[in-house]
Amino acid sequence: MRIAGIILAGGQSRRMDGVDKALLPFGDRRVIDHVYARLSRQIEPVALNSNNEPVLFADLPVPVIPDDIDGFAGPLAGVLAAMEWANNQALPFTHIVTVATDTPFFPDDLVHTLRHAVADTAGHIGVAASGNRLHPVFGLWPVFLKSDLRRWLSDEKNRRVVAWIEGHPHKIAEFPIVTTQSGASFDPFFNINTPEDIAEARQRWNAIP
């Protein structure tokens, strides 16, 4: 497998009053900076799917890939745009691995574990789960599925990520709930949707030694 990493940051941030979650201050940087650092430790190269102005990410060493589906078609539009980008490289990628920009604590072994899950079945989608709950935007996607995905997205009623995954061979990679030094536990796929969530994420970040 030849894999490229993709950060999906094309959401509308409705519950953040339209503020792009990727650009929120977090620790000593922004949320997107921590997500990029975590993913780039696991895979290179990394690209960013965003419909925001590319200049906002100019300090990141990544190409910015916008959706090419009209209107807001959800995360699968970002997956499709990333597949097309990966396929059009001078040496095409066979797979992309995607992470959400609003999930700064995702596992450090995400790419390795997803790759291992589909090692014997490279045509399958690999999808992350924790606590018996799927996290469908954290996936390893065969690029050859791009034409099928474009057809699926042409139906505006048919854009749920889980529904598309369930229509294809896939493997689920289960990740453990994390236990901190204080004995507390939390899901590494905790994501930031609201002002309350970003406050909780900052508190967790500050508690990390």
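Modeller: Welcome! A charge sits over a ring if NZ of Lys or CZ of Arg is within 6 Å of the ring centre and within 35 degrees of the ring normal. Keep in mind that this is a predicted model.

Biologist: Thanks! Over the face of which residue does Arg 204 lie?

Modeller: The cut-off for the distance is within 6 Å of the ring centre. Arg 204 is placed at 4.3 Å from a ring centre, and that ring belongs to Phe 190.

Biologist: And how far is the charged end of Arg 2 from the centre of the ring of Phe 93?

Modeller: Here the charged end sits over the ring. From the centre of Phe 93, the charged end of Arg 2 is 4.0 Å away.

Biologist: Is strand E7 largely enclosed or exposed?

Modeller: Ile 125, Val 127 and Ala 129 point one way, while Gly 126, Ala 128 and Ser 130 point the other way, and all are buried. That makes 6 of the 6 residues of E7 buried, so the strand is largely enclosed by the rest of the structure.

Biologist: Which strand pairs with E7 in the parallel sense?

Modeller: E8 joins E7 through 5 bridges, but these two run antiparallel. Gly 126 has Lys 171 as its bridge partner in E9. The parallel pairing, over 6 bridges, is with E9.

Technical notes: Residues are numbered from 1 along each chain as its sequence is written. This is a predicted model: local features need pLDDT of at least 70, side-chain atom pairs count only at pLDDT 80 or more; totals for chains, interfaces and linings use all residues. Side-chain values use heavy atoms; hydrogens and water are left out. Buried means under 20% relative accessible area, exposed over 50%, partly exposed in between (1.4 Å probe, protein chains only). Helices (H or I, at least four residues) and strands (E, at least two) are DSSP runs, numbered from the N terminus. Two strands pair if DSSP finds at least two bridges between them.
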